[in-house]
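Please have a look at it first.

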Amino acid sequence: LPTNSSSTQQKQKDSGYSAAKEDERDRCVVVFGLPEEDGDEDVVNNVGTLLNEAVSPRSFDRKSYSCHRIGKQRSDVARPVRVCFSDRVSANTVLCSKGNLKTSERFKKVFISPDRTPAEREERRKLVLALKDKINIEPHMFHYLKDG
């Protein structure tokens, strides 16, 4: 049987590309609700303060992460900030410590979530809607999303 080696090579390239993208997403988090101010330097300073307050015993060096706003700028909504770390451990540390922001006066309305693909975001949206329906049906029960 003849094989099409070019299509096999393309599939390998595509799978390698998605694996690299997946690894990059594992090292990133998305910050919602951070006020939008003028200039990139303000974003960097605000993210640095946020990270150091969320993970208080540890401090993040500016060189250990990069950040930028995502989406189109609008006057009524602050755009999310994508923060990419040099390793997965830092991203997981921030995600595990994000609950500390609830006690912060400055950042209590800021939320941190993992960087998700569009398909993962859609799946999560459906899960949240199903959870809300279940809460309305059984309000006396305790409901939550596992691993999410």
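I will begin with the ground rules, then turn to the overall fold and the cysteines.

This is a predicted model, in which local features need pLDDT of at least 70 and side-chain atom pairs count only at pLDDT 80 or more, while totals for chains, interfaces and linings use all residues. Residues are numbered from 1 along each chain as its sequence is written, and side-chain values use heavy atoms, with hydrogens and water left out.

The chain has four helices and four strands, where helices (H or I, at least four residues) and strands (E, at least two) are DSSP runs numbered from the N terminus, and along the sequence they follow the pattern α-β-α-β-β-α-β-α. Of the 148 residues, 28% are buried, meaning under 20% relative accessible area with a 1.4 Å probe and protein chains only, whereas exposed means over 50% and partly exposed lies in between.

How many disulfides does the structure hold? There is one, a disulfide being a pair of cysteine sulfur atoms within 2.5 Å, and it joins Cys-28 to Cys-84 with an S to S distance of 2.4 Å. Because Cys-28 lies in strand E1 (residues 28-32) and Cys-84 in strand E3 (residues 81-85), the pair ties together parts that are 56 residues apart in sequence. The torsion about the S-S bond is about 100°, so the disulfide is right-handed. Cys-28 is buried at 2% relative accessibility, and Cys-84 is buried at 12%.

Cys-67, by contrast, is in no disulfide, and the nearest cysteine sulfur, that of Cys-84, is 9.2 Å away. Cys-67 is buried at 14%, whereas Cys-96 is exposed at 69%.
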